[in-house]
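Please walk me through this structure, starting from the whole chain and ending with one of its parts.

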Amino acid sequence: MDARSRQHFELTIARFIEQMKVAGFSPRTIDSYRSHLTIFIVYLNAETDVEQITAVTPEVLHGYQVHLYGVTDDRGRGLAIATQAARLSVVRSLFRHLVKADVLVYDPAASLQLPRRKGMLPRSVLTRKEMARLLAAPD
């Protein structure tokens, strides 16, 4: 991605962030969005031939999702499912905004499915005696 294209991406994101401020999003949320979108632009720059925001396709976004799944740290640990979902959710919000703002004709992130966390079972289960006492308690 050349400097002009990168600058255009950054301007588009700055407008999106400004709209978030106007809508009353918290500073922490805005900082988080900015960080996640910066990571997305770094990915586009390093891993794709995308030069314009209008060139982002569902396939590019799927590649980003696969990339997030494969990211590991120096210990070989991948990103948490919640982190992957947060990064993808921010990208999805950006493209939804761009469609509403008439920058894009269609939303390439519309079919993007966020990863789901595994359902966690409770760590402890009530005994029969505890359950009977709970059910017998007055309302």
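Predicted model: local features only at pLDDT ≥ 70, side-chain atom pairs only at ≥ 80, totals over all residues.

Buried residues account for 29% of the 139 residues in the chain, where buried means under 20% relative accessible area.

The secondary structure of the protein chain consists of five helices and zero strands. Read from the N terminus, the order of elements is α-α-α-α-α. The chain has a radius of gyration of 21 Å, well over the 14 Å given by the globule rule for 139 residues, so it is more spread out than a compact globule. The C-alpha trace spans about 70 × 40 × 25 Å along its principal axes. As for contacts between residues at least 6 apart in sequence, 62% of them join residues at least 24 apart.

Helix α3 can be taken as a local case. It covers residues 58-70, which is 13 residues, and reaches 18 Å from its first C-alpha to its last, close to the 18 Å expected at 1.5 Å a residue. Which residues of α3 are buried? They are Val60, Leu61, Tyr64, Gln65 and Leu68. These residues cover an arc of only 145° around the axis, and therefore lie on the same side of α3. The cover over the buried residues of α3 includes α2 (27-47) and α4 (81-100). On the face of α3 turned away from its buried side are the exposed residues Glu59 and Tyr69.

Terms used: Residues numbered from 1 in each chain as written. Heavy atoms only, no water. Helix = DSSP H or I, 4+ residues; strand = E, 2+ residues; numbered from the N terminus. Expected span 1.5 Å × (residues − 1). Buried < 20%, exposed > 50% of the residue type's maximum accessible area, 1.4 Å probe, protein only. Arc of directions from axis to C-beta. Contact = heavy atoms within 4.5 Å. Rg over C-alpha atoms; globule rule 2.2 N^0.38 Å.
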